Amino acid sequence: YSHRPGVAKTLVALSVGTTLLATAIYCNRRLRRRATTGSPAPVAGPAAPTTSGKQIQMHKPTASNTFRVTQIRSRTESRGRLPLGQFNRVLFIDEANMWVDVGGSTTLETLVKCTAAQGLLPLVVPELRTITVGGAIVGIGVESSSFQFGFFHEGMLQAEVLLGSGNVVVCNASNNTDLFEALPNSMGSLGYILSARLKVRRMKPFVKLTRSWHSSPEQLAEALRQRASSSPAEEKSPSPAQGASVDFLEAVAFGTSGGVVMEAQMVDSIPSGQKPLSLAGGAAPFYSTLSKAGESFLRTEDYVWRWDTDWFWVSQIFPGLRFRPLRALLSRLGWLRSDAYKRFNDFVISTLGQPKDQELVIQDFEIPSDRCAEWISSHFRIVPRGKVTLKAPDGSAHSPMWLCPVKPRRALLFPLAEGQLYINCGFWDAIQVPKEQVGKFVLNQTLEKECHRLGGLKSLYSSVHMKDEEFWEAYNGQQYWKAKVKYDPQQRFLDLYTKVTK
């Protein structure tokens, strides 16, 4: 077929795609078998069957959304771990008072499905379907409504927490307040959330999405900052002088060439004759629309999961996933989603290992909004272009960075300035490094230092390379250990630093 390149390209894509599909199905079966074989009986009552004095770890039956390579093998092991996967349901929705009670192991996909059926949404919905409610609280969850409502945990009204002693305590703003304040960013090192009560808000069936292009990091950061600062902080109808309300706000930087700001507003209907953008059935990736300024409409639930379908844009690392027939097949099989990619990726790394000439740079940093442009320029000076790229309007390819504005409130173990606007800067890629840098994590360490210089703070879902002294200084170690001594005096759970570095 050398004289017919279109046919040849199609056959190659089909061949690669079929191989990928077969491998992915095999890996999924292996991982599911490994995760379920030898699972202990369900927990009877509040206490788990453990040997006195031994450290406790939880088994998470759904795909993990942490990215610490050294922990991949142990995450799939269920023996000797707390089987809390049965706390995976929405328990009650109070429409009158606008809150929902939900199990700690409930995925956000399940939570949104249940609340959306009642015309409601959590205040913030982190973008990957299998992130759990408990994980988004004890980790740091952020999304495009965070410029109004802060991090995911800021919608928490109370939680039931299983302590290392086997006791279950209720914490909220007036009861066990110190634990309530210390849960966010504790990463399960103080206890495990069995259930939580979360605020919800009204939703509408569609979202109107507007994209605008800005031709430099400075213009991009300023446009994002101004829009986040001028939007109403509460869900109200704006006055005509304010213009249309913005429910969701984010941006994507295309290297240092500029980027796109995306504003979204929930609406009751779409214009006659216009179809909502489809992300199902093998449709083109959402990231392929980013460089096209203008308006689109999506169903609200499709908007919520717009990034899940292609793991933002990281699905590019898998051969053939831009090929529409393969996308349609994987979508039909339920494999065009982040947890499928994560299981496959974890299996490959645990089986074959991470390529030695690459450094994984998978990080989110909270940067003060007035230093965001400086961060973009510094980041792309430190980190060379990797495997994942997006095309700008002029057709040039650039490494992407997700920019999500957030106005945090108080978080004891994630100490940002309350009410100040930060930009969550997410970058996820594998970078080729010279031989002398192999295994030294030079890129990640340099980014951590630059974040500190700019007055920012990094999320802890991925690799951490700080020494213990600087770690505890950054994450309010003094307050952490007060809570640790009180609620886990026997240290049945790994401490926070050990949990994220070992």
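**Entry 1: the whole chain**

I note at the start that this is a predicted model. I counted 15 helices and 18 strands in the chain. Of its 502 residues, 55% are buried. I also looked at contacts between residues at least 6 apart in sequence, and 73% of them join residues at least 24 apart.

**Entry 2: the sheet**

In what order do the strands of the open eight-stranded sheet run? I read β12-β9-β11-β10-β16-β17-β13-β18, with antiparallel pairing. β12 (294–299) and β18 are the edge strands, each pairing on one side only. As a reminder to myself, strands of a sheet pair through backbone hydrogen bonds, either parallel or antiparallel.

I then checked one pair inside it. β9 (residues 206–214) and β11 (residues 259–267) run antiparallel and are joined by nine bridges. Trp213 stands opposite Val260 in β11.

I picked Glu295, which lies in β12. Beyond its neighbours within four places in sequence, Glu295 is in contact with Lys208, Leu209, Thr210 and Arg211. Glu295 and Lys208 are 87 residues apart in sequence, yet their C-alpha atoms are 7.0 Å apart in space.

In soluble globular proteins, nonpolar side chains tend to be buried together. I went looking for that here. The largest nonpolar core has 98 residues, and the members touching the most others are Leu198, Val252, Leu290, Trp313 and Phe471. A second, separate core holds 32 residues, including Val361, Cys425, Phe427 and Val433.

**Entry 3: helix α12**

How far apart should the ends of α12 (residues 442–453) be? At 1.5 Å a residue, its twelve residues should span 16 Å, and I find the end C-alpha atoms 17 Å apart, which agrees.

Next I asked which of its residues are buried. They are Leu443, Asn444, Leu447, Glu448, Glu450 and Cys451. These cover an arc of only 165° around the axis, so they sit on the same side of α12. The face turned away from that buried side carries the exposed residues Lys449 and His452.

What covers the buried residues? The cover includes strands β13 (358–368), β17 (422–432) and β18 (457–458), along with helix α11 (372–382). After α12 comes Gly455, whose phi is positive, near 80°.

**Entry 4: the cysteines**

How many disulfides are there? Counting sulfur pairs within 2.5 Å, I get zero. For Cys451, the nearest cysteine sulfur belongs to Cys425 and is 8.8 Å away. That distance is not within the 2.5 Å cut-off, so Cys451 is in no disulfide.

Cys451 has a relative accessible area of 3%, so it is buried. Cys114 has a relative accessibility of 30%, so it counts as partly exposed.

Note on methods
Residues numbered from 1 in each chain as written. Predicted model: local features only at pLDDT ≥ 70, side-chain atom pairs only at ≥ 80, totals over all residues. Heavy atoms only, no water. Core = buried A, V, L, I, M, F, W, Y, C linked by side-chain atoms within 4.5 Å. Buried < 20%, exposed > 50% of the residue type's maximum accessible area, 1.4 Å probe, protein only. Helix = DSSP H or I, 4+ residues; strand = E, 2+ residues; numbered from the N terminus. Expected span 1.5 Å × (residues − 1). Arc of directions from axis to C-beta. Contact = heavy atoms within 4.5 Å. Pairing = 2+ DSSP bridges.
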